[in-house]
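Hi there,

Here is the structure I promised to pass on. My notes on it follow below.

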Amino acid sequence: MDTDFLDWALAAFSGYVAADELYDGPFCILSVVDNRCYKRILYDVLDHDPTHGDIRAFLRRLHTALSARNLSLLGVTTDGSALYPAPLAEVFGDVPHQICTFHIMAEISKAVLGAVASARKGLAAMQPKLPKGRPRTQAAKATARTKKRLAEQGAALFTHRYLFVQHHLNKTARKTLWRISRGLPQLRALRAIMEQVYALFDRRCRTQTALDKLAKLQHRVQRFPALGDTLKKLFAPTLEKALTFLDDTLLPSTSNAVERGNRRYRKMQKQIYRVRTQGQISARLALDMWREAQAEGRQQTLTSLHHARAG
């Protein structure tokens, strides 16, 4: 990477970075972005899936760039990939490593929604079979009412499934949730557990306090064997690493800074070119980063021109 660009990217370095990998066919793009200033710092394009050695070499480049400017790394945010912990510890020592809370919550929410879908399938299996024609006896009418009630409940669970993972619920939403989960205590327990999961990431508490809450939550989940497979993510070590940010008010809890660059690449990928080589990808990323660096100067020029005209 050009020294002039690194001077610009690290001029107002916050000390916190986000790292991520993006796969594009046989290629993999490694990126490091300032997680508070949203400036991309380094990238590398591999023609194979990354290994610990690739991540280690990439992080050493970052270490060299920071050391040359007497800068220190205060925190790193990544997704839950197993590629980063060992190389980070080797290159940067005990620098705090935060796992992106968005990725963790997405996995937990996916598991909860899967449990809701299983409950819907259970309701469908419980629906009694009716003979053809209009029910005439009292027993047949009762059976028809039961089938209709179960079908309506299953449809309501599908329509309002988002209520089981939504962060905040108002009074109306809670009434709806209570109504559609009637007779399904495991789903009501899931919603209560989700609220405790959200409480883990409250900035008002410290990491150790959140870890204590997590231990109590894990003990509660173990009391519901039916929920064990659904919420097994609550016992993953990555969840504990996702609580690191609570001890540092400046450490971002997500890797959104680097994800924004990945989304921009995906958009560019569709609009500009289709056939890609390792050299083309590297050149496009370099051009995009230089445009980003020059955008600040263009904005200052436009502002000066507007002030001059107004005067």
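The buried residues of helix α8 (residues 207-222) are covered by elements that include α7 (185-200) and α9 (237-241), where contact means heavy atoms within 4.5 Å. Those buried residues are T207, A210, L214, L217, Q218 and V221. Seen down the axis of α8, they fall within an arc of 100°, so they line one face of the helix; the arc is that of the directions from the helix axis to the C-beta atoms. Q208, K216 and H219, on the other side of α8, are exposed. Here buried means under 20% relative accessible area, exposed over 50%, and partly exposed in between (1.4 Å probe, protein chains only).

A word on sources: this is a predicted model, with local features needing pLDDT of at least 70 and side-chain atom pairs counting only at pLDDT 80 or more, while totals for chains, interfaces and linings use all residues. Residues are numbered from 1 along each chain as its sequence is written, and side-chain values use heavy atoms, leaving out hydrogens and water. Helices (H or I, at least four residues) and strands (E, at least two) are DSSP runs, numbered from the N terminus.

Now to the strands, which pair if DSSP finds at least two bridges between them. Strand β1 (residues 16-24) has 8 of its 9 residues buried. With strand β2 (residues 27-34), β1 pairs in the antiparallel sense over 8 bridges, and D20 has S31 in β2 as its bridge partner. Their hairpin has 2 residues between the strands, and G25 takes a positive phi near 65° there. β1 also pairs with strand β4 (residues 75-78), in the parallel sense over 3 bridges, with V17 opposite V76.

Best wishes
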